[in-house]
Amino acid sequence: MAGNENSGGMRPTAPQNNPANISATGGDGQSGQPQRYMSGLPYGSGGNMQQQAGAPMAQAPSPVAAPSAPGGLNELQGLLAGMTSIDAPPTDPTIPVSTGIDFGRGEGSSSMPAQYRSDQRDTEALDLIKKYLPDLINATRVSDAPDSYKKFVNYLKSQVI
Amino acid sequence: MQWMENTFFDHLDKFSNSLGYENFGIAFSLSSIEWKTTEARDSFIRAITGTDVKGGGE
């Protein structure tokens, strides 16, 4: 079945087999993006396909993306405006810079508001211990239970209650 | 019932006493691990605390 060039099969002279026809940029070398039909729209809205035809392909993202949302930069600047920079002079020189941490001058972490003091992990662990405390206490009644374990369970009880 | 080694409660005893009561959250999590042997657990405790294992008596 040879002789007819449209009969299929491998043709070395076909355009797709010519290395010169391969775009160096791959698919990115195509101009624009393919038009796609949007289904489910009211009758006549299919004209949006024409709008798509004019839409250029998105550019490759640059490593440093500038905020493009309208007002995004302004919002950020607004947030930062109310903040004190880390190297700003103290607003109250009578408060040592180490106030709030457990070393140096000034009050320790006890002076911090509760939401900064409580460790979320400890809170979760306490919830877990509340749940299993009866079992932990039962284990203290086992013969040969070490005193070190009993002391620890007593400590847990004092934390929970 | 008797106190048994290489159980959750035994692990909790060793971890809580070795790491300190205030670290009960971590002790609880580490005790939930199925340690292959008590030696493996104890060598882990020694590695992270730098001291010998505490608990199991006193």
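**A guided tour of chains A and B**

Chain A has an average pLDDT (the predictor's confidence in each residue, from 0 to 100) of 73, and 59% of its residues score at least 70. The model is predicted: local features need pLDDT of at least 70, side-chain atom pairs count only at pLDDT 80 or more, and totals for chains, interfaces and linings use all residues. Residues are numbered from 1 along each chain as its sequence is written, while chains are lettered from A and ligands numbered from 1 in the order in which they are written.

**Stop 1: confidence**

Colour chain A by pLDDT. Within chain A, helix α1 (residues 48-53) has the lowest confidence, a mean of 59, and α5(A) the highest, at 93. Where pLDDT is low, the predicted coordinates should not be read in detail. Chain B has a mean pLDDT of 92, with 98% of its residues at 70 or more. For the complex, the predictor gives an ipTM of 0.94 and a pTM of 0.48.

**Stop 2: the helices of chain A**

Display chain A as a cartoon. Chain A contains five helices and zero strands; here helices (H or I, at least four residues) and strands (E, at least two) are DSSP runs, numbered from the N terminus. Buried residues (20 or more other C-beta atoms within 10 Å of the residue's own, with C-beta atoms placed from the backbone) make up 4% of the 161 residues in chain A.

**Stop 3: helix α5 of chain A**

Select residues 147-160 of chain A. This helix, α5, has 14 residues and reaches 20 Å from its first C-alpha to its last. Which residues of α5(A) are buried? They are Tyr149(A), Phe152(A), Val153(A) and Leu156(A). Seen down the axis of α5(A), these buried residues fall within an arc of 100 degrees (taken from the directions from the helix axis to the C-beta atoms), so they line one face of the helix.

**Stop 4: where the chains touch**

Show both chains. The contact (C-beta atoms, placed from the backbone, within 7 Å) takes 17 residues from chain A and 15 residues from chain B. On the side of chain A that touches chain B, α4 and α5 each supply at least two residues.

**Stop 5: the core**

Select Leu12(B), Phe15(B), Phe24(B), Ala27(B) and Phe28(B), which have the most contacts inside the largest nonpolar core, a set of 14 residues. A nonpolar core is a set of buried Ala, Val, Leu, Ile, Met, Phe, Trp, Tyr and Cys residues joined through C-beta atoms within 7 Å. Two or more residues of this core come from each of α4 (120-140) and α5 of chain A, and α1 (8-19) and α2 (24-31) of chain B. Finally, centre on Phe15(B): not counting residues up to four places away in sequence, Phe15(B) touches Ala27(B), Leu30(B), Ser31(B) and Ile45(B).

Definitions and conventions: Expected span 1.5 Å × (residues − 1). Buried ≥ 20, exposed ≤ 12 C-beta atoms within 10 Å, placed from the backbone. Contact = placed C-beta atoms within 7 Å.
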